[in-house]
Amino acid sequence: MILETRHSIAEILSRQPIFRNLGAHDLGRLADATLEYRTGKHEMLFHKGAHPAGLHLIVAGQVKLFLPSPNGSEKIVRLAHPGEIFGAEAVILDRPYAMAGQAMSDSILLVMPRSTLMDIMQSNTSLCRDLMHSLATRVHDLIDNMESCTQRSSAQRVAHYLTQLAPSQTASFEIELNVNKQHIAAHLNLAPETFSRVLSRLAQQGFIQMHGRTIRVANAEQLRMHAC
């Protein structure tokens, strides 16, 4: 698979919410220092404990951020998609990565070096505010995932996960599972078989309709109540 982008790095950065308030000068400085990487499916981006190369932005593809264990198993902390950044906590603190990162598909990534990013942040309060908002959102999501994995039943976890994928607060919605079910199960701290059984049970109970990898939720509020 060949990935390409017809847009300049500066244009790509300007479209991201976290950089939308950068002036032309700072945006140009950041774009000039940014490196573009193209990775293959399953390629490791970095290992836990490695020194951060910089702030990552996904232009295309998908990245798995996970905690490896000595026995070969892993806990998926986050599945990052196009338009999302990751590695900010390691970059800001100038500490090793607390997680490992792996491309789940052929991907295009932009990596912004710490020195340039921190330099711009010193004189740009808007970037500091937007980056703080992004980090706060991630912390909130981590706590939500922790609560889901420790206090919700398997059915509640899956129902909650599906409601999080809703494009908006609509009465019904349709989503496509563009992630391997095994990885979704790991993210929810479930066995893959359990995840498949819960989906089948939710379909039998009328909460969802399944057509291959596409899931339709006819009553979003009912599913949200089931997740509580």
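This is a predicted model: local features need pLDDT of at least 70, side-chain atom pairs count only at pLDDT 80 or more; totals for chains, interfaces and linings use all residues.
To see one of the pairings at residue level, pick Leu57, whose bridge partner in β6 is Ile85.

Now widen the selection to the sheet that holds both strands, which is an open sheet of four strands in the order β1-β8-β3-β6, with antiparallel pairing. At its edges stand β1, residues 35–39, and β6, residues 85–86, and because each has a single partner strand, one side of each is left without a neighbour in the sheet. When you display hydrogen bonds here, keep in mind that strands of a sheet pair through backbone hydrogen bonds, either parallel or antiparallel.

Show side chains for the residues that make the contact, which are Asp26, Arg29, Leu30 and Ala33 on α2, and Thr116, Leu117, Asp119 and Ile120 on α4. Coloured by class, this contact of α2 with α4 shows four nonpolar residues, one polar residue and three charged residues.

The next pair to select is helix α6, residues 154–164, and helix α9, residues 220–227, where the axes come within 8 Å and cross at roughly 140 degrees. The helices α6 and α9 are therefore oblique to each other, and their crossing is left-handed. On the α6 side the contact is made by Ala155, Gln156, Ala159, His160, Leu162 and Thr163, while α9 contributes Leu223, Arg224, His226 and Ala227. Sorted by class, the residues of the contact of α6 with α9 are five nonpolar, four polar and one charged.

Val217 itself is found in strand β11, residues 214–217. Is Val217 buried or exposed? With a relative accessibility of 0%, Val217 counts as buried, because buried means under 20% relative accessible area. To finish, draw a distance from the C-alpha atom of Val217 to that of Ser14, which lies 203 residues away along the chain, and the separation is 34 Å.

Definitions and conventions. Residues are numbered from 1 along each chain as its sequence is written. Side-chain values use heavy atoms; hydrogens and water are left out. Helices (H or I, at least four residues) and strands (E, at least two) are DSSP runs, numbered from the N terminus. Buried means under 20% relative accessible area, exposed over 50%, partly exposed in between (1.4 Å probe, protein chains only). Two strands pair if DSSP finds at least two bridges between them. Axes are lines fitted to C-alpha atoms, for helices over the stretch in contact, and angles run from 0 to 180 degrees between N-to-C directions. Angles under 35 degrees count as roughly parallel, over 145 as roughly antiparallel, 65 to 115 as roughly perpendicular and the rest as oblique. A crossing is left-handed if the near helix is turned anticlockwise from the far one by less than a right angle, and right-handed if clockwise. Contact means heavy atoms within 4.5 Å. Ala, Val, Leu, Ile, Met, Phe, Trp, Tyr, Cys and Pro count as nonpolar, Asp, Glu, Lys and Arg as charged, and the others, Gly among them, as polar.
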